[in-house]
Amino acid sequence: MSRVIPNATQDSTFNPSPQVTVIGAGNVGGTLAQRIVERNIADVVLLDVVSGRPQGVALDLMEARGLEGHDRSVRGTIDYGDTAGSSIVVITAGLPRKPGMSRDDLTKTNAQIVVEAVKQAIAQSPNALLLVVTNPLDVLTYLAWEASGLPPERVMGMAGILDSSRFQTFIALELGVSSRDVDAMVLGSHGDLMVPLPRYSSVNGIPIAQLLDAATIDRLVERTRNGGAEIVELMQTGGAYYAPASSTCAMIEAIVQNRSRLLPVAAYLTGQYGLTDVFIGVPTRLGRSGVESVLELELLPAELEALHQSAEAVRQRTQAARERLGE
Ligand code: TXD
């Protein structure tokens with residue numbers, strides 16, 4: 001007769017594997033779930049309003065487990081009750097851009113979706129960290145924070161890693177070197193007013209200004225600013241999702257594995273860079289407790305001015321979005 005060997009999950013002293021809830025099982029949400037489980041970072045609960053979609057994506061990902069060599073679980077659901085006890089809640093629910101649309105054209109619809117999703121998800125996982133991906137990113141991260149009732153260091157938006165990764169790619173392609181050797185830094189809002197910082201971008205420690213002329217750097221900066229729209233124009237239906245999923249997964253990995261990584265994320269500012277009460281992209285130290293600290297780089301007057309302009313635009317759009325939500 002075979003004996004059942006008790007497994008670790010039946011042992012009360014066993015630390016259960018972390019669970020990440022991803023709200024929105026669309027392109028970004030589904031790809032993010034794939035990255036999280038296939039990199040063996042956490043179990044995932046995928047939730048969507050469209051019944052069948054999250055369950056289908058989850059089953060598809062489960063059926064790849066043997067091939068990909070992991071034992072993480074992915075569950076699909078339309079019921080927030082199934083998300084209870086998550087360590088991280090990621091919001092990807094909402095509409096993506098269509099060609100010609102700015103990220104801000106999405107505000108009203110996505111604000112309602114995000115606020116509702118945050119309230120329901122945090123009610124089930126009150127100790128979670130909240131990570132916002134839906135656009136317009138900086139505005140919705142603020143609204144999500146307000147709706148969550150969480151301390152600000154537990155709430156953050158994903159954009160700076162993606163924008164920096166795009167800049168990194170364009171520098172690497174221009175120079176014909178590996179992307180791994182390129183460090184690029186982009187701060188500010190996720191949009192036309194983002195603030196790429198060539199002065200803080202380098203190739204294995206060599207400032208890019210020593211490798212590229214000013215006109216070329218300007219061209220790469222412009223392509224970075226336009227990075228999302230370039231893909232929307234090419235795809236026509238929907239926008240980028242592979243690099244956004246990779247960027248979000250980098251944040252999740254830093255948190256779950258308590259890496260204290262230095263990454264640009266949309267964080268709540270309380271006077272850093274002379275800015276208060278706004279979520280905007282800045283370099284942070286990211287670990288298990290969320291945004292452990294905000295790093296204040298020395299900026300030239302023009303760079304600081306660009307960051308302030310970016311923050312002012314976010315502040316105005318956030319205020320307008322709050323008023324429209326109340327209508
Ligand atoms: O850098 C960044 N932050 C971003 C942001 C990079 C890429 C994409 N970015 C934004 O993420 C994009 O502009 C959108 O606002 C979101 C999601 O983009 P995605 O490409 O994943 O959109 P999809 O494929 O349309 O998926 C959205 C899913 C879809 O399955 C809907 O049914 C679902 O969201 N949805 C909801 N789920 C739960 N609850 C509600 N209310 C809901 N409404 C829609």
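# Reading the ligand site

User: What is the space taken by the ligand?

Analyst: The ligand's space is the largest pocket. A pocket is an open set of points on a 1 Å grid over the protein atoms alone, where a 1.4 Å probe fits, with protein on both sides within 12 Å along at least five of seven lines; lining residues have an atom within 4 Å of a point. To sit there, a molecule needs more than half of its atoms within 2 Å of the grid points. This is a predicted model: local features need pLDDT of at least 70, side-chain atom pairs need 80 or more, and totals for chains, interfaces and linings use all residues. Numbering runs from 1 along each chain as its sequence is written, and side-chain values use heavy atoms, without hydrogens and water.

User: How many residues surround the ligand?

Analyst: There are 26 (a heavy atom within 4 Å), and Asn27, Val28, Asp48, Val133 and Met158 are the closest. By class, 16 are nonpolar, nine polar and one charged.

User: Which polar side-chain atom lies 3.1 Å from an oxygen atom of the ligand?

Analyst: One belonging to Asn135; such polar contacts pair N or O atoms within 3.5 Å. A backbone N or O atom of Asn27 is 2.9 Å from a ligand oxygen, and a polar backbone atom of Gly94 is 3.4 Å from one.

Terms used: Polar contact = N/O pair within 3.5 Å; in protein donor to acceptor, adjacent residues only side chain to side chain. Nonpolar A, V, L, I, M, F, W, Y, C, P; charged D, E, K, R; others polar.
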